[in-house]
Amino acid sequence: MYALLAVGLIAIYSVRHIVNLAQGEFASLAGLGAVWLISVGLPLVVAVVIAVVSVTATAVLIDRLIIARVRQMTTLTSIILTLGVATLLQALMLLAWGPTARGLPPFPGANVLVGGVSIRSQEFWMLGTLVVVGVGIVLFSERTRLGKAMRAVAEQPIAARIVGISPVLASVVAFGIAGFTGALAGVMSSPLSLSVWSAGLLLALKGFVAAVLGGLVSYRAAMAGGLLLGALESYVAGYLDSGYRDAVAFLILIVILIVRPAGLARRVSGVRV
Amino acid sequence: MSLEVVDAVSGYGRLRVIDGLSCEVPAASIVAVVGANGAGKSTLLRAIDGLIPLWTGDIQLDGESIAGIPTERLVKRGLAHVPENRLVFPGLTVRDNLVLGAWSRPRNAPLDDVLELFPRLVTRLGQTAGSLSGGEQQMLAIGRALMSRPTVLILDEPSIGLAPRIVIEIMDVLARLRDSEGLAILLVEQNLSAAFRVADRAVVVTHGRVALEGEPEQLMRAPEVRDVYFGGLDAAAG
Amino acid sequence: MTAPAPRLARLAPTRRRNELLGLGILVVVVIALPFVASPSVLGIAVFAMIFALPAIGLNLLMGLAGQVSLGQAAFFAAGAYAHAILLTRFEIPGPIAAAAGVTAAMLLALLVGVPLLRLHGHHLALATLGLGFIVMILARESDITGRNTGIYGFSRPVVFGVTIDNNALFLWFVAPAVIVAIALAMNLTRSRVGRALSALNDSGIAAESLAVPTFRLRLGVFVLSAGLAGLGGVFYAYHVSLVSPAVSDLHLSVEFLLMAVLGGLGSVWGALLGAVAVEWLGEGLRDIIPALIPGAGGEVQLVGYGLALVVVIIAMPGGVHGFALSVWRWASGLAFRRRGSTQPRTTTQLPTTSPGTSTGAVPTVSAPVPRDEPVLEVLGLTKRYGGVTAVDDVSFTVPAGRIVGLIGPNGAGKTTCFNMISGAISPTAGEVRLLGHQIAARSPHVAAHLGLTRTFQNLQIFTSTDVRGNVYMGRYRLGRAGFLRGLLGLQGVEQRRQHEQADRILDALGLSDVADVAAADLPFGRQRVMEVARALASEPALLLLDEPMAGLSTAERHRLASLLSELRVAGLTTIIVEHDVAQVLALADEVIVLDDGVIISQGSPDHVRHDPAVIAAYLGDGTTDPAVAR
């Protein structure tokens, strides 16, 4: 799940140099939204699809209606702005659906026994989604014209404009990707870890840890980082009190930021004139 | 298509860099804009390509004003810009860089023609642009600009940091483009002899205005040109 | 949307009067409030006061020093918990426990600050966010903090025999702390350290080049901010009599952030205004929303907070304080117009680019070695980026009291050389010795402390203050007052001396007529001159000028050149990187020519002038006939 969130964070950061603190809200929003859609009678698949699509659209709207309005985006303003958006979304979710945590029903499938450990079907779903999305985003970024254009905007924004790539398009696509992956993360994990109005910032932070492991540029490294983070958390939860589980992420984050801000990614070779 | 700059005034913040600059680049010709650093040459190109706003004055393509049109839309109109420092996309391959050059006009992108102009790039198609040498990157940047089938080409100091041999190669390519494609080429250069090698006309800019204008042979001999650079130096090489 | 007014717009003592007035008004309001306000308003006022303390801390951290912290609640909690634990578990008397609480918060800040403050921007913000979470988890999980229940049941504070058990008394209890905090913060803002913080927010490299130890100062303000938060926590504990993990919640950090931003980062008063506004807003929302939306419960006021954050950034970046200030200016502008007198500060009335007259006095320089002895030794300086060698084995010596020119065509590596000498970048190989000390690869403020100072090709002026303020910053390395003296305002004598010196330098460079103009409003040419004035204010031994002539009119160039000559006579050593070759050849004692990262010529101006290698480098290979290409 962290891996998916990381993908979204990187998409936005590489194009706009903004860390989207509202990334986690996309997940909660999709999860809670889907739960509500089911409660009004829609079948699981339809609810999930509608939730994911609408959250993606919301993300793009946020970009165009809010983020685009700021003329001079400094680090400070971008942090405060996305924090404000996150808080606003959280509060709206609270008002709409109340404070209780809810979960989607588990997706169809059977649990499997592997080496004495029972792996729930939902975890397969999550892993599967991650694989599909992961392959998808890498293919998109490296094989498709649009994906390459996005990378171009990230690497040389001026030259990208000169060549005719519209910065508005790049921003919309970036936010769209962020909304999409965030929403997927939300619905896929909802049966297991439940969706609740207040979890967004914590999730965004963990997604950020994974993204930092990717140096904030590399999808592959970030996804690997996300998986690593998830694994570490489960491992720690086995030994220490589960309450300390969340602390693991932050300690890792702090250590990484200080020691090796480029993360696990190899640096892109740029020749300096 | 021709390019015309009419009394352009622009700059950064409060600093006025170009101050009433006019020049004309007819189709099938190369006009060199030369001058010392800080004279406003790069600023002129940025203003033409919409990267900085034009305060007063006008920029025209074939008589039609393009001032105020955002940069990303100018390619479709046939204006291509090879920027200062090349600005290739370092993490993308040479092929990708070229393909992206055709972003606005993806149909019938002249990839083969471009590769014919710059044979050095053929063997490097799969390499990342960041690993190319300076000269190869310059060729790539020009090639990328050509992929959109422009009718007007503006280049910002392509000879910087390049070996003389490569500079000559590049200048010859520009001459070919003028002759066979009829491109209107605006070439900003600090390297006088390189620019004058291929230019039909030359414009000398100081302090944001045109100081001298004429044919390269005449200007080359004019003591004022030396003055512009060295301010009272003996013309020891002339 | 225009940017908010510069925070330290004027380096003048008249601000004091307004500040004292403001404090006076606050005192009156606090004393009178319990008699005139309803109980609910009083309740809000108390919380506003308590939370104003962490908000003031955040205001200093973000507004003055430009550092984002999303974990202010962590220090708030540290103060609250430490205080509560000492009171209940160890039965330590109130004042000592309170002091311990504040100290705990500051120690925590020191501990995490040393590693964390190596980060900037996003990374710092998210690291502090993580810190907040860690503290919350620790609070929730450890026994000593009472886990989820927290700590409760401590007795009311007793001051001079009076038990503080109602809102009115509590207001009078906490208000002095807030008033003192505001006064101290205002002192700090005006002080040497405060101005240095503002400067490092405007331009870190420029501040470093003036010997400002940026890391140390950032750590200092971080710890101070934490201390204020801790104090707030102590008061909170007393007031609510319950300390639970909610005290370290992220939402509280967001609330503090909102207070600082909504109130306005431009002035310390913004923190108080913001605290009042947010508490009042929160209370109102908590009443209204459940009425509008039945069944709504919990932290409903967050809707308002989130909306407020977004709206403030988009529409009102200066916050309430900034807004009030612009209304005031507009109103006083109207008043002036009605009276017929000219407006006090308009850009149309700025002097034109012709420089003002100077008194002819030359700024003081330091000359630690006799003339012609080496001041700077550069040995084998090299810089490689990946496969490209920007500077290749450059060596030269700069003799004292001389002007050395560094020229070369575009891309020759001049600025890279310069940056390596001044410490802005580290060399791949080679040494740089200033007055015998190794300065290569060390932080720029080290070299600055030894007397090296520089100007910047891309101007790095301090936009938050006026011209006099910029030049004053140049005096930093000659001052001594630190945080403590800054807070207490105990540096009047030193400040006055520095102001006088700054004024003298402004005179010498013909900037006296614009001394009170905001630096960002100055015409470009005069901004350049101001940067030189700022550099000279530090009484340097070695001055590095990076393309100082660019953008100057001919008259200004001549003035600068003659000033440099006079400084040379006074013993200043100068290295100047320039494209205006004529000017350099006329001025310099020695010229070094770079091309493609190597020295191609070196010697007297005459020698370089006639050197064919130099001419070839600039004009290209003159042997190619243009006619051949056709």
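Helix axes here are lines fitted to C-alpha atoms over the stretch in contact, and the angle between two axes runs from 0 to 180 degrees between N-to-C directions. Keep that in mind for the helix pairs below. The model is predicted.

Start where chain A meets chain B. Helix H6 of chain A covers residues 145–155. Its axis and that of H3(B) lie 10 Å apart, at an angle of about 100°. Angles of 65 to 115 degrees count as roughly perpendicular, so H6(A) is roughly perpendicular to H3(B). From H6(A), the contact uses Arg145(A), Lys148(A), Ala149(A) and Ala152(A). From H3(B), it uses Asp96(B), Val99(B) and Leu100(B). Sorted by class, this helix contact has four nonpolar residues, three charged residues and no polar ones.

Two of those residues deserve a second look. Side chains of opposite charge can pair when their charged atoms come close. Lys148(A) and Asp96(B) form a salt bridge, with the closest N and O atoms 2.5 Å apart. In total, two salt bridges cross the interface of chain B and chain A. Six residue pairs are in polar contact between chain B and chain A, with both residues at pLDDT 80 or more.

Which elements of chain B give two or more residues to the side that touches chain A? They are helix H2 (71–74), helix H3 (94–101) and helix H5 (134–146) of chain B. H3(B) provides the largest share, four residues. By class, this side of chain B has 15 nonpolar, 11 polar and five charged residues.

Now take the whole interface. Chain B brings 31 residues to the contact, and chain A brings 24. Together the two chains bury about 2,400 Å², and 65% of that lies on carbon and sulfur atoms. Three residues, Glu72(B), Phe89(B) and Trp103(B), supply 30% of the area that chain B buries against chain A.

Turn next to chain C and chain A. Here the contact takes 46 residues from chain C and 45 residues from chain A. The two chains bury about 3,900 Å² between them, with 84% of it on carbon and sulfur atoms. His122(C), Leu126(C) and Ile313(C) supply 17% of the area that chain C buries against chain A, more than any other three residues.

How many salt bridges does the rule find across the interface of chain C and chain A? It finds zero. One residue pair is in polar contact between chain C and chain A, with both residues at pLDDT 80 or more. Four helices of chain C each supply at least two residues of the side that touches chain A: H4 (94–116), H5 (121–141), H10 (250–263) and H12 (302–315). H5(C) gives the most, with 14 residues. By class, this side of chain C divides into 32 nonpolar, nine polar and five charged residues.

Stay with chain C for a helix pair within one chain. Helix H6 of chain C spans residues 167–190, and helix H7 of chain C spans residues 192–202. They pack at about 70°, and their axes are 4 Å apart. H6(C) and H7(C) are therefore roughly perpendicular to each other. On the H6(C) side, the contact involves Leu188(C), Thr189(C) and Arg190(C). They meet Arg192(C), Val193(C), Gly194(C) and Arg195(C) in H7(C). The class count for this contact is two nonpolar, two polar and three charged residues.

Finish inside chain B. Asp172(B) and Arg197(B) join their side chains in a salt bridge, 3.5 Å from N to O. This pair links distant parts of the chain, 25 residues apart. Asp172(B) sits in helix H6 (residues 164–181) of chain B, while Arg197(B) sits in helix H7 (residues 192–198) of chain B. Over all chains, the count comes to 27 salt bridges.

Methods
Residues numbered from 1 in each chain as written. Chains lettered and ligands numbered in written order. Heavy atoms only, no water. Parallel < 35°, antiparallel > 145°, perpendicular 65-115°, else oblique. Contact = heavy atoms within 4.5 Å. Nonpolar A, V, L, I, M, F, W, Y, C, P; charged D, E, K, R; others polar. Buried area = accessible area lost by both parts, 1.4 Å probe. Salt bridge = Lys/Arg side-chain N within 4 Å of Asp/Glu carboxyl O. Polar contact = N/O pair within 3.5 Å; in protein donor to acceptor, adjacent residues only side chain to side chain.
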